[in-house]
Amino acid sequence: MHTVLDFENSVSLDGFFPSSQISARNRAKIINDPIYGHIEMDEYLVNVIDTDHFQRLHDCKQLGMSDRVFPGATHTRFEHSIGVAHLAGKQVTHLFHKQRGEIFESEEDYKSKKKIVELAGLVHDLGHGPLGHVFDLAFLRNALSESVQSITPEVHHEKRSVMLLRHLIDEKGLDLSRDEEIAIGELVIGHGSVFKEEPFMYQIVANEKNSLDVDKFDYIQRDTRNLNVRWGFDPDRLINASRVLGGELCYHRREVYTVYDMFTTRFKLHKVIYNHRTVKAVELMAVDALLAADSVLKISESITEPEHFLELSDSVLYVIERSKDPKLAKAKQILRRISRRDLYKFVDEVLIPPGVKQIKESDIASCQEDGLPPIDASDLSVYLIKANHGMGTRNPVENVDFYKTIEDVEPFRIQLSDV
């Protein structure tokens, strides 16, 4: 839960301000975040927060259906996005105070970049659908043919975030230029051309280079706190030990252990929490319910239609459960099984050797021994889990740039053998 303290638009002793008077006042707000305490949201952030596009995130749980196994996992993408915006601004402000004359042309340049980065952090998850990542990874992959997926960028939530940002700006008339919109979208995606001479800008919110970014800084803290697990790392140490060398975001060499702590904690969360076998059973059942309801609710079609997608959140499950439409009977039955704890049964897990393509349900069904009752592929669900430290088989820390002293002009890498 967040407590919002609106010092600028507070109630006077004489009553409420007239709406005309409120609109002329600064709409900056102070939010009491459970992780960071009281944080200030500038007016340009509040203007986004106070829209149905962003408020929708109240109904998108950060960890999907994980709360059916871990009761504390009820936090949402609303609070996470506010946290990412806060950390993104904190990162830019730190760099400004540390390297004012080196990477920022002026205070106005700093304020402009801070605005762009904070907004990117705020809107980076606008495009998430119900159930979290399994909406993209399981529902859309089964609802849409491979040919449709190949020509539809919106199968990725980052692309949908950019789509909804465009729709939000147009519909709400936000005071953002087209250039600012493009820059924000590029930071959400993690690459582009606006900041080609300042690559560190792409390494704050969605870092494709080494996966070390404030998005992870926030969700790791927020998830471990709500799950009540004693894992973690100190993101403030990383932010305070960061600087830009050669255009790249880098960290003091002593923080290599903090970096390893972050990636280790992320890995443990994926192995123990996010991909817990019962969590996956519940999620796959919810996905099957959405697939069964898709012909009626047109869920998969919504990803390219902003107005339709804005109506889609975790509440779609309750819409199905409470519907009296006979066409939704199958989907409703699946969701009732979840409520009764009549879950899909876990059979086995295997490590797939490198080079082997994803194993499909039909592959398993076809390998049945003679004399056993037949198993149909439709009776099986196979879910591929890529459990790594963020960069596949590579060690992401070996892609992180470090420095030793403030006199350094070029960053260097630290190999695992040197730690």
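**Charges, rings and burial in a predicted model**

Modeller: In this predicted model, arginine 243 lies over the face of tyrosine 403, at 5.3 Å from the ring centre.

Biologist: How many aromatic pairs does the structure hold, and why is the pair of phenylalanine 96 and phenylalanine 104 classed as it is?

Modeller: There are 8 aromatic pairs in the structure. For phenylalanine 96 and phenylalanine 104, the ring centres are 5.7 Å apart and the planes stand at 75 degrees. Centres must lie within 6.5 Å, and planes over 60 degrees apart count as edge-to-face; the pair is therefore edge-to-face.

Biologist: What is the arrangement of the rings of phenylalanine 104 and tyrosine 110?

Modeller: Their centres are 5.9 Å apart and their planes are at 85 degrees, so this pair is also edge-to-face.

Biologist: How do you know whether phenylalanine 96, phenylalanine 104 and tyrosine 110 are buried or exposed?

Modeller: Buried means under 20% relative accessible area. Phenylalanine 96 has 4%, phenylalanine 104 has 3% and tyrosine 110 has 10%.

Biologist: How many salt bridges does a search of the whole structure find, and what makes aspartate 50 and lysine 29 a salt bridge?

Modeller: The search finds 26 salt bridges. In the case of aspartate 50 and lysine 29, the closest N and O atoms are 3.8 Å apart. The limit is 4 Å, so the pair qualifies. Aspartate 50 is in the loop between helix 2 (43–49) and helix 3 (52–55), while lysine 29 is in strand 2 (residues 29–33), so the bridge ties together parts that are 21 residues apart in sequence.

Biologist: Why are aspartate 50 and lysine 29 placed in their accessibility classes?

Modeller: Aspartate 50 has 40% relative accessibility, between the limits of 20% and 50%, and is therefore partly exposed. Lysine 29 has a relative accessible area of 15%, which is under 20%, so this residue is buried.

Biologist: What makes arginine 237 and glutamate 255 a salt bridge?

Modeller: The closest N and O atoms of arginine 237 and glutamate 255 are 2.7 Å apart, within the 4 Å limit. The pair links distant parts of the chain, 18 residues apart: arginine 237 belongs to helix 12 (residues 235–240), and glutamate 255 to the loop between strand 5 (248–252) and helix 13 (256–274). Arginine 237 is partly exposed at 41% relative accessibility, whereas glutamate 255 is buried at 1%. Glutamate 255 also meets arginine 254 in a salt bridge of 3.3 Å, N to O.

Biologist: Which residues are linked in a network of salt bridges?

Modeller: Arg166, Asp170, Arg178 and Glu181 are linked in this way.

Biologist: Why is glutamine 62 assigned to its accessibility class, and with which residues is glutamine 62 in contact?

Modeller: Its relative accessibility is 8%, under the 20% cut-off, so glutamine 62 counts as buried. Glutamine 62 lies in the loop between helix 3 and helix 4 (77–98). Leaving aside neighbours within four places in sequence, glutamine 62 is in contact with His75, Thr76, Arg77, His80, Tyr219 and Asp223.

Biologist: What sets the phi of asparagine 228 apart?

Modeller: Most residues other than glycine have a negative phi. Asparagine 228, although not a glycine, has a positive phi of about 60 degrees. Asparagine 228 lies in the loop between helix 11 (214–227) and helix 12. With 53% relative accessibility against a limit of over 50%, asparagine 228 is therefore exposed. Lysine 298 also has a positive phi, near 55 degrees, and is found in the loop between helix 14 (277–297) and helix 15 (306–309). Lysine 298 has a relative accessible area of 35%, so this residue is partly exposed.

Notes
Residues numbered from 1 in each chain as written. Predicted model: local features only at pLDDT ≥ 70, side-chain atom pairs only at ≥ 80, totals over all residues. Heavy atoms only, no water. Phe/Tyr/Trp six-rings, centres within 6.5 Å; stacked < 30°, edge-to-face > 60°. Buried < 20%, exposed > 50% of the residue type's maximum accessible area, 1.4 Å probe, protein only. Lys NZ or Arg CZ within 6 Å of the ring centre and 35° of its normal. Salt bridge = Lys/Arg side-chain N within 4 Å of Asp/Glu carboxyl O. Helix = DSSP H or I, 4+ residues; strand = E, 2+ residues; numbered from the N terminus. Contact = heavy atoms within 4.5 Å.
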